[in-house]
Every structure is written in structure tokens, then in C-alpha cells.
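Thanks for coming. I will take a few minutes on aromatic pairs and on one helix contact.

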Amino acid sequence: MYAKGYKRLSWAMVFISFNVNIINILPDFIGYIFIYSSLCILSSQHKLYEKGKIPVVILILLTLNDIWNDPSSNVITGEVYNVGLLTLIIASIAIIIKIYLICILCMGVYELCKERGLNELMESSRVSMKFYLIISLIYLACAPFSINLYSNVRIVFLIIVGIIQMCAGISVALVFKKCKGVLI
């Protein structure tokens, strides 16, 4: 039963990790729907998973905007994607909520591993959560300053940070994949 929830979590992290800031490869809201459905399964396993439901619903609502407002369409046509203040504020709020959600999920894994004496998976969860947290906070701190960069420099900056964020998200997805076989 719980294996299905962790499998969905790992796929959800793949969906939300492959959202490079310039080209939205996979829509985030689908990943958040996967997370919500997995939290419905996993909430009976640990109380921390129940806490993740409200942030993930907020993220679903915030990322539905990606359907209508796709920045990748500007890149394809050659136009430079200008980030407005409101867009930056909404994106920053979404990043903060996303960080909180990922920390809840990783802490749930950490606590379950601690209770069961699974030290290796517990440590993997802790390290992945810290890596994700640090990279996301660096992006959050640098994003407002990227508006002042030349368009080519901004695009390169966003690509580099996006690749690092993908790596951090994939590391969290791999932790959830390991949970599929262990925390059932």
C-alpha cells in the first residue's frame, strides 16, 4: 500500500524537477497532484505527511497559471522573457512553499527511518533535504538580482541554477524511490 505512495512521490519529484526556469518541460501542477495523491496514501503511515496536504494544494493552485502563461513560448520566438514584480513575488512564494513541502516529505522519511533503525536511508533523506534546501535558498536569494542582468547572462544564470535544482530534485526523488521497497 505505502509502496504505491512512495512511487508516486518519486514520479512527482521528477515532474517538478524538470521545470527549468526557461523551458517548462513537464507541468508542475501534475507533479503536485501526484504528491497530493501520495500524501493521501501515506498520511496514515506518519503524521508529517498529513501536514503536507495544505501546502501541496496551494502549489497546485499557484502552478495552474503555468498552463496559460508559459515563459517557454517567449524563448522559442526569440523574445526575452521579462519577469514582472508580481510574477517574481508569486514565484518566490511558490518556492518557499515548495521548500516547506519537500522538507515535510523528507522529514517524514527521516522519522520513519529513525523509528525503524534504517540509518543509511535516514542519512540519505537528511542529505538530500539539505542539498535541496540550500540550492533553493540560493536561487531564492539570487532571483531578484537576476532581473538586473543582461538578458543573455540572465538566461545562462537561470539554466545553470535550473540544472543544479534538477539535480537536487532528482536526489530527493531517488530517496523516495528507495523508500518504495523499504518503508512499506
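Let me start with F34, which is partly exposed at a relative accessible area of 29%. Buried here means under 20% relative accessible area, exposed over 50%, and partly exposed in between, with a 1.4 Å probe and protein chains only. F15, at 16% relative accessibility, counts as buried.

A word on the source: this is a predicted model, where local features need pLDDT of at least 70, side-chain atom pairs count only at pLDDT 80 or more, and totals for chains, interfaces and linings use all residues. Residues are numbered from 1 along each chain as its sequence is written, and side-chain values use heavy atoms, with hydrogens and water left out.

Now the rings. Rings of Phe, Tyr and Trp (its six-membered ring) pair if their centres lie within 6.5 Å; planes under 30 degrees apart are stacked, over 60 edge-to-face, the rest tilted. That rule gives 2 aromatic pairs. In one, Y6 and Y49 have ring centres 6.3 Å apart and planes at 75 degrees, so the pair is edge-to-face. Both Y6 and Y49 are buried. For F15 and F34, the centres are 5.5 Å apart and the planes at 85 degrees, so this pair is edge-to-face. F15 lies in helix α1 and F34 in helix α2 (residues 28-42), so the pair ties together parts 19 residues apart in sequence. Helices are DSSP runs (H or I, at least four residues), numbered from the N terminus.

Last, the helix contact. Residues of α2, including Y32 and L39, meet residues of α4, including V56 and I60; contact means heavy atoms within 4.5 Å.

Conventions
Helix = DSSP H or I, 4+ residues; strand = E, 2+ residues; numbered from the N terminus.
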